Amino acid sequence: MKDVATLESSHSASPGHRATGGFSWIALWTLYTLTFRQHMHGRRWIVMGVLFLLPPGLAVLIRATAPDAPSIVTEFLLAFLLIPQALLPLIALVYASGIIQDEQEDQTLTYLLIRPIPRWAIYVVKLLATLTTTVLLTTIFTVLMYAAIYLGSEASFNTIVRRCSIAIAIHGLAVVAYCCLFGLIGLYTKRALIAGILYTAVIEGLLANLPFGLRFVTIIYYARIGAYRSMDFIFTRNGRDHNVAAETWQIDVKKDPELLDHPQLLTCVIVLAGASLVFAVIGALMCARREFHVKTPEGS
Amino acid sequence: MHSELPREVAGSPEVKPVVEFHKVSKWYGNVIGVNKLSIRIPAGVTGLLGPNGAGKSTLLQLATGQLFPSQGSVRVLGQEVWNNTAMNRLIGLCPEQDAFYEWMTGWDFIYTCARLGGLPRADAKDAAARTLDAVGMFKHKDRSVRGYSKGMRQRTKLAQALVHDPEVLFLDEPFTGTDPVARRDLMEIIRKLGAEGKSVLVSSHVLHEVHTLTPNIILLNRGRLVAEGQVREIRDLIDKHPHHIVLVCDEYRKLAGRVLTWDDVEGVRVLNRDKGLMVETRSPDKFYSRLPQLSLEDGLSIKEVYSDDDNLEAVFKYLVNK
Amino acid sequence: MPIFDQGYQHWSGELTGHTWRWLAITRHGVRIGMKNRLLRLAMMLAWLPALFLAFSLCVWGLLEQKSDLVKPLLGMLSFLGPEILDNPKNYRVEIWTLCYEYFLLTELRFSMIVILLVGPSLISQDLRFNAMPLYFSRPIRRIDYFIGKLGIIGYFLGLVLIVPSLVAYLLGMLFSLDLSIIPDTFPLLLACIGYGLLMTLSAGLLILALSSLSRSSRYVGLFWLGIWFVTSIVGSVLEGVNREQRMHDAYRKSYAMERSIQAGPMPKNPEEQRKRMVEQREAAQKLRAEIYRDELEGAQSDWRPMVSYTGNLARVGQHWLRSDASWQKIGQTVPADARDEFLLRSMGPRYPWYWSLLLLAILFGISVCILNFRVKSLDRLK
């Protein structure tokens, strides 16, 4: 039997192969691309794509069946009601709640745990790849939707581009926040789907619509205020101005025209980005300390 | 003769173990996976045996840093493994579960594993090609893993464990579901790895294959270490079960009368069908040494002599079923 | 003494027919489902609307008997109007119908949650863990398997929809102390049972079909949520835009009318001024009544609520309960000039109910096709 002394001398480092320390950018990049490929292969993105083609499809349908409906109203209903309240949480639940859970259930997590990648880095890199996927999909379909709403209308190209860019930014921030939150929930519980739905329905759905206090803990509130401060939602009908956003979101512009009771745009961005970072860091720390039972998954 | 088997390491204490468990316990809620396990696994090929639920997979997961011991410490090549990503470059694991990224081809999977191990592109390509060739999967590399047979999947799993050229390999049930040809090929690969200086710990139920791979075994039962060392040494230490030696002879009844006069013979059973005897003795070496004299003195022509329990299966049966 | 073989002994009796084989699958699924704490909690919460229903029916029974027990509640019921409160028996069927309508609408949401908790893993887990050979290597046909799985959903939906309806009905009947209540209200009970069966068949098969499409019950659950929430929101968006369009038309008419009345200079004579203002008011009222009438007529062909899956289920239930007729009768107690507005706000969608039934039937057919394609018997398994 060879003793270990002999073995130690045979730990000859192949160049670039046996780097000291636990960090390998190659490994991290490979994990990033692997996760991105996992998200994009198969039927999942097709289903998501169909779902995200809904707003452009609706826009076309609305323009065909109700041609007198102001474009701003259509834009508001689709871009700032349907997408942030229904589609963004759904896409975040699909992609982010299973960042680690899917690998654990498929029993492929072992292949990642036995590689020279820190556990916290496994989570962070997979989360980054998930954010890339979701933001990319959201951007593409937001652009398609704006094209469907405004092409051939009287609005100038610059206005359309500006409004579309703002919507992409708002949606991007919101979906990042949702992904970071649901990724953390996915680490914490196997029933991430139910927890995510309850969060979306109760907290985002109910609390966000309250005209006071508790809506400050919701992601959608900051997305709404950010949107409201970045663009106008006023249309004129028969000589009178209507602010569709203020009416729907119960923002009392008569009492508080400057919205002093609500955060500024920069605050909204900082809160959303900051919350995302906090959720991501907590998730990374959880992942670093946790065991993952792959052969006999927890609860089975 | 001691009735208790020694629990500490077999082998010289100067030799540093490749894998060391020091009073390790691991429990999952109320279920104990391994119980105060202290072993020192030397370099070379070692077999890890035990019935279902013995704690073999738990041991392997502890050794590869996937689980954190509830008590005690686990060291591989002198270092703790939990959250030690640098160690993962020196360790390879062929897991038991039949899980892959099914949508990938064999090449894609091994190449990705190489890259996940930190190899640059060119090195990863070389390593993937070399490893796939070593396990006999190069010609199937462009097929989707989904379409592989069980044996091909096992080879691919072994390939991902080898691709980054680790020093220590942990193989969890590598022969499960394989046909005899695949099994023979895998065993040959493991033997070669041992000969190249790698340390390999093979967990298996297939006792006779582990026996042909290595005489060094670790036997677990119900989370505890039952025996450790060479099969023969362990067998000798099992006082309770005398050795069974079969003698085939035409005048077997006369032979029976003769051996019964020896004081180390504890029992004789006549095997009418085989025209032989099964002798129970606690001193097999002494018994063997007398056989030629028996033949010379009494003219008894012994056609065949063998022991039917000087093997791993017998050791396993005696120790696990007691 | 005889020595008995302790080994496996084959069953030498008769095997039962196929009629009840699905029951073993249903029983097993129910047993597994009842271990789910969340599901038990959801079912307990789903019984809360049933308590309110039972309470409402009991109160109405006491009101019919002019019991003193109900006097403290008369203040709360004043929104019904004196005509209804003074003749509760005459409006018994209508009040019971509307109570059941609200109950079923609420339970529809709870049912969707129960299906979300029970349904996604029914077939997806069998596919994931390759349990199909375990089923079909036994003398079980595919139809037994599907009925067994559907039975699981039917059991839980029955507990949420049918059993509470029945219990509330019995309590309401007891508190009424009038046997004529049975012929008057029995169709409601039948409608509830029919609605429960419709939900089981439609939603149950749909979730089974979705479950057969993926090995991950999480994605199936998300798909189910998509069908529920996204279709509802899309329906609301379409209705919102349509409403905007109609408001736009209404404003245009109103603006045109004002312009025509105000054409010409304002008269100096106060009498003339007063006359013009009266004309304006009458014209505005007439226009408003015309708008509401147009809305009511337009609602009869407004297909937009059909986009929502739950909206279709609700529409069929609404027809079977005959709640439109109940609203019409209650609307007679409202002053004539406010009646159309009252009916517009109170009544649900008014498009033909068989449109929804047809849509549900199409979904049923699609679900059956998906199940037929995805779940194969043993000889056709790969």
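B:Phe170 is in contact with B:Leu60, B:Ala63, B:Thr64, B:Leu93 and B:Leu201, its neighbours within four places in sequence being left aside; two residues are in contact if their C-beta atoms, placed from the backbone, lie within 7 Å. This is a predicted model, in which local features need pLDDT of at least 70, side-chain atom pairs count only at pLDDT 80 or more, and totals for chains, interfaces and linings use all residues. Residues are numbered from 1 along each chain as its sequence is written, while chains are lettered from A and ligands numbered from 1 in the order in which they are written.

**Around B:Phe170**

- B:Phe170 sits in strand β7 (residues 168-172) of chain B; helices (H or I, at least four residues) and strands (E, at least two) are DSSP runs, numbered from the N terminus.
- B:Phe170 counts as buried because it has 26 C-beta neighbours inside 10 Å.
- A residue is buried if 20 or more other C-beta atoms lie within 10 Å of its own, exposed if 12 or fewer, and partly exposed in between, with C-beta atoms placed from the backbone.
- From B:Phe170 to B:Ile190 there are 20 residues in sequence and 11 Å in space, C-alpha to C-alpha.

**Two loop residues of chain B**

- B:Arg222 belongs to the loop between β9 (216-221) and β10 (224-230) of chain B.
- The phi angle of B:Arg222 is near 55°, which is a positive value in a residue other than glycine.
- With 14 other C-beta atoms within 10 Å, B:Arg222 is partly exposed.
- B:Lys275 belongs to the loop between β12 (265-271) and β13 (276-281) of chain B.
- Phi of B:Lys275 is near 55°, a positive value in a residue that is not glycine.
- B:Lys275 is partly exposed, having 16 other C-beta atoms within 10 Å.

**Helix pair in chain B**

- Helix α2 (residues 106-116) and helix α3 (residues 121-134) of chain B have axes that come within 9 Å and cross at roughly 125°.
- Axes are lines fitted to C-alpha atoms, for helices over the stretch in contact, and angles run from 0 to 180 degrees between N-to-C directions.
- α2(B) and α3(B) are therefore oblique to each other; angles under 35 degrees count as roughly parallel, over 145 as roughly antiparallel, 65 to 115 as roughly perpendicular and the rest as oblique.
- The crossing of α2(B) and α3(B) is right-handed; a crossing is left-handed if the near helix is turned anticlockwise from the far one by less than a right angle, and right-handed if clockwise.
- On the α2(B) side the contact is made by B:Gly106, B:Trp107, B:Ile110, B:Tyr111, B:Ala114 and B:Arg115, and on the α3(B) side by B:Ala124, B:Lys125, B:Ala127, B:Ala128, B:Thr131 and B:Leu132.
- The contact of α2(B) with α3(B) has 8 nonpolar, 2 polar and 2 charged residues.
- Ala, Val, Leu, Ile, Met, Phe, Trp, Tyr, Cys and Pro count as nonpolar, Asp, Glu, Lys and Arg as charged, and the others, Gly among them, as polar.

**Chain A and its helix pair**

- Chain A has 13 helices and 2 strands.
- Of its 300 residues, 46% count as buried.
- Among chain A contacts between residues at least 6 apart in sequence, 80% join residues at least 24 apart.
- Helices α8 (residues 119-150) and α13 (residues 265-289) of chain A pack at an angle of about 140°, their axes 7 Å apart.
- That angle makes α8(A) oblique to α13(A).
- α8(A) and α13(A) form a right-handed crossing.
- Residues A:Arg119, A:Trp120, A:Ile122, A:Tyr123, A:Val124 and A:Leu127 of α8(A) meet A:Ala280, A:Gly283, A:Ala284, A:Leu285, A:Cys287 and A:Ala288 of α13(A).
- This contact of α8(A) with α13(A) divides into 10 nonpolar, 1 polar and 1 charged residues.

**Chain C**

- Chain C has 15 helices and 0 strands.
- The radius of gyration of chain C is 28 Å, well over the 21 Å that the globule rule gives for 382 residues, so chain C is more spread out than a compact globule.
- The radius of gyration is taken over C-alpha atoms, and the globule rule is 2.2 Å times the number of residues to the power 0.38.
- The C-alpha trace of chain C spans about 125 × 55 × 30 Å along its principal axes.
- In chain C, 36% of the 382 residues count as buried.

**Between the chains**

- Chains A and B share the most contacts of the 2 pairs of chains in contact.
- No contact joins chain B and chain C, and their closest C-alpha atoms lie 12 Å apart.
- Chain A gives 25 residues and chain C gives 20 residues to the contact between them.
- On the side of chain A that touches chain C, α5(A) supplies the largest share, 11 residues.
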